[in-house]
Amino acid sequence: LRLSEALAIGLILVNFGFVLFYSRRQLTRLAESKLLSVFILENVMTAIIVIDANGDIEICNHSAEFMFGYNKGELKQGNIKSLLEKPFFLQGGKRKSGERFALDIDLNEIYESGRKLFIISLYDLTAQKIREEQLIHLAYHDPLTDLPNRLLFMDRLAQTIARAHRNSELAAVLFIDLDRFKQVNDSLGHATGDLLLQTVASRLKSCLREGDTLARLGGDEFTMIIETSDAYNCEVVTQKILSELNKEFQLNGHDIQISGSIGASLYPKDSSDI
């Protein structure tokens, strides 16, 4: 071979070797990329499910199986309809046990080898809903006794007056104040005072009838809303409350004796507004 031909062949071989080396690097990177994708899919906290146009599940990660209560591999080859409330975008999920739960869904459409697929990201909102309900409860309830607070009391009173007006019935508001509470609080301490308020709240609850509302406005002041067709019923409840408050309280090793004072106002006899 002439020198020029030898050099040309050598260059071809070198380039062919470079192509082989480059292809191997690309294949290695591709394999590593797929392994990384699988690792991320299986370890991400978000539940991910891939379905085809018919809703059949082709891919799902561990978080999705855990969210819906299935063992590894049980979800594959199933259908998304078995996991979600109908219609689809009501955002309600169904666990394997049958439990319903709040769900947020993000859906993206992709094409793979000419086929339409959907990637679904699912977020369990159970903990968030619980937190929201707790915050709402705290906003409308007294933290010490768990009774309705002033805000909820005023709302209930407005509704009660509206119903009484519509049905031509009576409504009563009782204002209940504890006698000698300050003396107990000052002499035995705030811990015993708080326990006394909680015990009083429990006793007052026992005097409630269906439809009545008991609230704590603050301090030792309680209120009760009574819906009735007869003013005599209001008097009966009032006497029952006084009787409960006159009973001895045994708290933290102390025998405590208090009593109560009650003021009452009737709608519409005494007033027509709150």
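Helices here are DSSP runs of type H or I with at least four residues, strands are E runs of at least two, and both are numbered from the N terminus. By that rule, Ile136 is found in helix α3, which covers residues 126–140. The model is predicted, and the points below are grouped by topic.

**Helices α5 and α6**
- The axes of helix α5 (residues 181–188) and helix α6 (residues 190–205) come within 6 Å and cross at roughly 140 degrees.
- On the α5 side the contact involves Phe181, Val184, Asn185 and Leu188, which meet His190, Thr192, Gly193, Leu196 and Leu197 of α6.

**Ile258 and Ser259**
- Ile258 sits in the loop between β10 (254–256) and β11, and it counts as buried because its relative accessibility is 1%, where buried means under 20%.
- Beyond the residues up to four places away in sequence, Ile258 touches Leu178, Asp179, Arg180, Val184, Leu196, Val200, Leu245, Asn246 and Phe249.
- Although Ile258 and Gln183 are 75 residues apart along the chain, their C-alpha atoms are separated by 9.8 Å.
- Ser259 belongs to strand β11 (residues 259–267) and is likewise buried, with a relative accessible area of 14%.
- Leaving aside neighbours within four places in sequence, the contacts of Ser259 include Asp177, Arg180 and Leu245.

**A nonpolar surface patch**
- Ile136, Tyr140 and Leu151 make a nonpolar surface patch of about 290 Å².
- Within this patch, Ile136 counts as exposed, since its relative accessibility is 52% and exposed means over 50%.

**Salt bridges**
- Side chains of opposite charge can pair when their charged atoms come close.
- The count of salt bridges in the model comes to 10.
- One of them joins Lys96 and Glu74, whose closest N and O atoms are 3.1 Å apart; Lys96 lies in the loop between β3 (92–94) and β4 (100–112) and Glu74 in the loop between α2 (62–68) and β3, so the pair ties together parts that are 22 residues apart in sequence.
- Arg216 and Asp142 meet in a salt bridge at 3.0 Å, N to O; because Arg216 is in strand β7 (residues 213–218) and Asp142 in the loop between α3 and α4 (150–167), this pair ties together parts 74 residues apart in sequence.
- Both Arg216 and Asp142 are buried.
- Glu58, Glu112 and Arg115 are linked in a network of salt bridges.

Key. Residues numbered from 1 in each chain as written. Predicted model: local features only at pLDDT ≥ 70, side-chain atom pairs only at ≥ 80, totals over all residues. Heavy atoms only, no water. Axes fitted to C-alpha atoms, helices over the stretch in contact; angles between N-to-C directions. Contact = heavy atoms within 4.5 Å. Patch = residues over 30% accessible without salt bridge, like charges linked within 9 Å, V, L, I, M, F, W, Y side chains within 5 Å. Areas by Shrake-Rupley, 256 points an atom, 1.4 Å probe, with all protein chains shown as cover. Salt bridge = Lys/Arg side-chain N within 4 Å of Asp/Glu carboxyl O. Buried < 20%, exposed > 50% of the residue type's maximum accessible area, 1.4 Å probe, protein only.
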